[in-house]
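Colleague: Hi! I'm new to this one, could you put it up and walk me through it?
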Amino acid sequence: MNAMSDAARITDRAQDRALQALPVYRAQDFSVTSGVCFGDELSFASELVLDDVYELTKNAEPHVLATTSKGKHLEVAPNSDVGAMGARIVIDSVITLMSPDSRIVEALVLVELDDGDVADIYLLPLAAMEPTVDYTLVGVDTNNPRRRLAEIACVAFTRGTHITMASGAQVRIEDLKVGDRVLTRDDGPQEIRWIGQNTRRAVGDFAPVLIRKGVLNNENDLVVSADHRLFIYQRDDAIGAGRSEVLVKVRHLINGDGIVRLEGGHVDYFQLLFDNHQIIYAEGIAAESLLVDPRTRPALPKEVDEALSQSLPGHEGAQHLGYEVSEGLLNEDAAAKLKRASTR
């Protein structure tokens with residue numbers, strides 16, 4: 001089992017405990033084995049030297065850094081495995097590493113502060129990393145690294161996904177425009193306020209999930225980001241959620257058969273923003289639109305962020321948030337149970 005798989009499981013277990021639960025390695029577990037800074041552990045951007053070779057220690061294990069927001073800043077949450085409660089977390093930089101087989105891995109460098117001084121440093125890989133493998137530092141980017149963290153939290157559809165319009169027409173997401181009216185479950189036709197688009201390597205948390213045609217009564221294959229939540233109405237409570245209406249993260253439905261991760265290559269992601277957090281229809285099944293909260297807000301363009309501050313209050317206290325099902329109620333048979341429960 002590789003390190004990123006362990007980290008993913010830890011993230012899933014902790015997801016309900018804080019605003020964001022990040023699988024990180026301590027700086028002392030990632031140190032220079034060859035180069036100018038030989039013997040030094042990971043540090044912040046101004047102290048990093050390109051072409052230094054780093055290595056995760058043999059027994060390195062990811063820890064949960066649970067964070068919450070205070071204004072525009074991140075703080076360590078009370079239930080975090082690492083860090084001092086209330087300490088400020090700065091997203092220092094995005095570093096680019098290259099393995100001996102020329103595989104590129106990006107990671108975030110997070111700095112914990114204590115009264116302005118550095119208390120600890122953490123590595124947050126954005127793709128799988130293996131212990132005792134040489135990783136050469138080939139890039140350091142300090143230009144808005146918080147945006148990269150925000151992109152992980154932004155739920156997204158992939159190119160080619162059919163969205164149901166107010167007219168009933170099925171339109172590919174890449175053909176939509178701001179102002180187009182989309183059918184929503186709760187508020188009828190609603191205009192799109194913003195469409196986000198980015199292309200990422202399909203690795204780690206950026207690897208999408210494929211829901212094969214028919215597995216959840218979807219009309220075609222549906223490919224979405226791993227943290228995307230689907231809205232399912234159960235005619236009977238098949239999974240013991242205590243309610244008929246549930247939101248389920250697709251990463252918790254992966255079963256290696258009808259619902260699988262798509263690792264490798266690149267993926268085009270699209271985000272749809274409405275005045276309120278909405279449930280819309282993609283390939284015929286209900287899925288959420290982008291929810292703006294402290295995690296996702298840095299991913300928005302400046303003009304959209306300003307508009308949110310002035311005229312889009314509907315994302316605070318979104319009505320659907322209480323519907324989310326915890327991972328503990330789901331297993332490899334969950335998709336089949338939910339399909340049966342929603343069609344009886």
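Modeller: Happy to! Let's start with two residues that are both buried, Glu288 and Arg229. Buried means under 20% relative accessible area, exposed means over 50%, and partly exposed is in between, using a 1.4 Å probe and protein chains only.

Colleague: And what do the side chains of Glu288 and Arg229 form?

Modeller: They meet in a salt bridge, at 2.9 Å from N to O. Glu288 belongs to strand β23 (residues 285-288) and Arg229 to strand β18 (residues 229-233), so this pair ties together parts that are 59 residues apart in sequence. A salt bridge here is a side-chain nitrogen of Lys or Arg within 4 Å of a carboxyl oxygen of Asp or Glu. Helices (H or I, at least four residues) and strands (E, at least two) are DSSP runs, numbered from the N terminus.

Colleague: Before we go on, what kind of model is this?

Modeller: This is a predicted model, where local features need pLDDT of at least 70, side-chain atom pairs count only at pLDDT 80 or more, and totals for chains, interfaces and linings use all residues. Residues are numbered from 1 along each chain as its sequence is written, and side-chain values use heavy atoms, with hydrogens and water left out.

Colleague: What is the mean pLDDT of the chain?

Modeller: It is 85, and 84% of the residues in the protein chain reach 70 or more. pLDDT is the predictor's confidence in each residue, from 0 to 100.

Colleague: Where does it stay under 50?

Modeller: Over residues 1-18. For that stretch the model has 39 contacts beyond four places in sequence, a contact being heavy atoms within 4.5 Å.

Colleague: Back to salt bridges, how many does the structure hold?

Modeller: There are 13 of them. Another one joins Arg193 to Asp275, with the closest N and O atoms 2.8 Å apart. That pair links distant parts of the chain, 82 residues apart: Arg193 sits in the loop between β14 (188-191) and β15, while Asp275 sits in the loop between β21 and β22 (279-282).

Colleague: How accessible is Arg193, and what about Asp275?

Modeller: Arg193 has 38% relative accessibility, so it counts as partly exposed. Asp275 is partly exposed too, with a relative accessible area of 27%.

Colleague: Which residues are linked in a network of salt bridges?

Modeller: Glu106, Arg147, Arg148, Glu151, Arg200 and Arg201 are. Take Glu151 and Arg148, whose closest N and O atoms are 3.3 Å apart. The two are 3 residues apart in helix α2 (residues 145-153), which means that about one helical turn separates them. Glu151 is buried, at a relative accessible area of 10%, and Arg148 counts as buried at 14%.

Colleague: Let's switch to strands. Which strands are joined to β21 by bridges?

Modeller: Strand β15 (residues 194-201) is joined to β21 by 8 bridges, running antiparallel. Strand β10 (residues 157-158) is also antiparallel to β21, with 2 bridges. Two strands pair if DSSP finds at least two bridges between them.

Colleague: Which residue of β21 is the bridge partner of Gln197?

Modeller: That's Phe270. Phe270 also has Phe157 standing opposite. As for β21 itself (residues 266-273), 6 of its 8 residues are buried, so the strand is mostly covered.

Colleague: And what pairs with β3?

Modeller: Strand β2 (residues 30-34) is joined to β3 (residues 53-56) by 4 antiparallel bridges, with Ser31 opposite Glu55. Strand β9 (residues 135-141) pairs with β3 over 2 bridges, again in the antiparallel sense, and there Val53 has Thr136 as its partner.

Colleague: Last topic: is Asn218 buried or exposed?

Modeller: Asn218 counts as buried, at 3% relative accessibility. You'll find this residue in the loop between β16 (209-211) and β17 (222-224). Its side chain reaches the backbone nitrogen of Val215 at 3.4 Å, and a polar atom of that side chain lies 2.8 Å from the backbone oxygen of Asn220.

Conventions. Polar contact = N/O pair within 3.5 Å; in protein donor to acceptor, adjacent residues only side chain to side chain.
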